[in-house]
Amino acid sequence: MSNDNKLIILGSTGSIGKSTLEVIKHNRDFFEIVCLTADSNSIDLAEQINLFKPKYAYLNNHLLIGDLKSKLTHNQTKLLTDTNQLHDILKSDLYSTLVSSMSGSTGLLFTFIALQTNKKVLLANKESLVMAGNLMSKYRKLIIPIDSEHNAIFQVLGHEKTNELDKIILTASGGPFRTYPKSDFDQISVEMALKHPNWSMGRKITIDSATMMNKCLEIIEAYYLFGLKLDQIDVLIHPESIVHSIVNFKDGSSLCQFSEPNMQIPISYALGYPNRINSGRNPFNLSSIGNLNFSTVDHLKFPSIKYAYEALRKPDNSCLIINAANEIAVHAFLERKISFLSIFSIIEDSLDIDDKVLCSNIEDILDLDKIYRQKINKILIKYQTN
Ligand SMILES: NC(=O)c1ccc[n+]([C@@H]2O[C@H](COP(=O)([O-])OP(=O)(O)OC[C@H]3O[C@@H](n4cnc5c(N)ncnc54)[C@H](OP(=O)(O)O)[C@@H]3O)[C@@H](O)[C@H]2O)c1
């Protein structure tokens, strides 16, 4: 096999990682797995190693390496727990394509190393683009989005932004609280927020969908990914999550991509691009759903969308701050330390952090991210109830 289809999957034990491996099961002759990675889930990682027999596997939590070894029936995989070893593999020519499906800001450096060494990146980890959009967008041509909305737009536009484009419209399910009165938002529990009506996803992105911060991050992602002006990006509520985004052209035509809400479909498009491969899913039957609904966003209920536009209008590090504040707030909410509504308050307070520093490289961004997190953790204390 040529190096063209040799993959590293960051976060293979997560929701996107598992969907990626499911697509690969349907296309075993086309892909070779070079490295799988997880944080602590040694049980699923062991199962994946036994099945896919990668050259390498990385487990971030080194305390669980014995546990991982004890579950292996395939013993030819070299096990790593040192981040520098993973960096070396990401810099090497052992693979062609990175599936960036780690959750949160930890994905940034790994993803950036792959881009710097000219690898194709199938990007689910939207946080990395939000944190370092200016730097990462220089490698735009190497990135194929997995996020369903951006993948839908990519299926229409490819890498070429055309002058015939008017706008892109990101669709949003509106999450579990779309029809919930704002006056009841103070009653929202972790369990309620973790019940997404359409998608089965990791915990962090599920909370992001409930606050609609996911759409805030996606506006920033789209801005950098497609090189658009801010007024060329809109959001539309579409509760059924069937139409995954829309491209409007200047002649009044609109093109969209639609399918059942299952990540195997955008993942298979990214893996097979420019060809279409077996996703393991069937074409969607529109008559099975009957009606599709669309409406505008209630910005009073969900202030999240406006954070994206405000941040992108300022030539500072507001996007980095938004990402850090959101990660800290979501983590605290999941730990039951703050209320659902406090997620918005913490992000709004964090956006006041005085900041004029301009970052020209990835190390500066990572350093600044640490400084912002210290400041945001002080803001968090104000909102803690536990
Ligand atoms: N899920 C979706 O449908 C969806 C859709 C669009 C975009 N995305 C984006 O895709 C990314 C992943 O989302 P997800 O829902 O798949 O998350 P998830 O289910 O929480 O999975 C996260 C993965 O990252 C691994 N991980 C976390 N920290 C790590 C570390 N320090 N070192 C190595 N591995 C680490 C986890 O390992 P453990 O299993 O050991 O914890 C797990 O494999 C996010 O950026 C999300 O916004 C997700």
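## A walk outward from the ligand

By class, the shell around the ligand is made of 13 polar, eight nonpolar and four charged residues. Here Ala, Val, Leu, Ile, Met, Phe, Trp, Tyr, Cys and Pro count as nonpolar, Asp, Glu, Lys and Arg as charged, and the others, Gly among them, as polar. Please keep in mind that this is a predicted model: local features need pLDDT of at least 70, side-chain atom pairs count only at pLDDT 80 or more, and totals for chains, interfaces and linings use all residues. Residues are numbered from 1 along each chain as its sequence is written, and side-chain values use heavy atoms, with hydrogens and water left out.

Let us start at the ligand itself. It is surrounded by 25 residues, and the closest are Thr 13, Ser 40, Asn 41, Glu 127 and Gly 202; a residue is near the ligand if one of its heavy atoms lies within 4 Å of it. Polar contacts (pairs of N or O atoms within 3.5 Å; within protein, one must be able to donate a hydrogen and the other to accept it, and residues adjacent in sequence count only if both atoms are side-chain atoms) come next. A backbone N or O atom of Ser 40 lies 2.6 Å from a ligand oxygen atom. For Ser 15, a backbone N or O atom lies 2.9 Å from an oxygen atom of the ligand, and for Asp 39 the distance from a backbone N or O atom to a ligand oxygen is 2.9 Å. Taken alone, the ligand exposes 900 Å², and the protein buries 86% of that; accessible areas come from the Shrake-Rupley method with a 1.4 Å probe, and for residues only the protein chains shown count as cover.

Helix 1 (15–25) and helix 6 (126–136) each supply at least two residues of this shell. Helices (H or I, at least four residues) and strands (E, at least two) are DSSP runs, numbered from the N terminus.

Beyond residues up to four places away in sequence, Asn 323 touches Ser 105, Glu 127, Val 130, Met 131, Leu 217 and Arg 373.

Some backbone details are worth a look too. A cis peptide bond, with omega about 10°, joins Tyr 273 and Pro 274. Met 212, in the loop between helix 9 (203–211) and helix 10 (213–226), has a positive phi near 65° and counts as buried at 3% relative accessibility. Arg 336 has a positive phi of about 65° although it is not a glycine, but this residue is partly exposed, with a relative accessible area of 43%.

Methods:
Contact = heavy atoms within 4.5 Å. Buried < 20%, exposed > 50% of the residue type's maximum accessible area, 1.4 Å probe, protein only.
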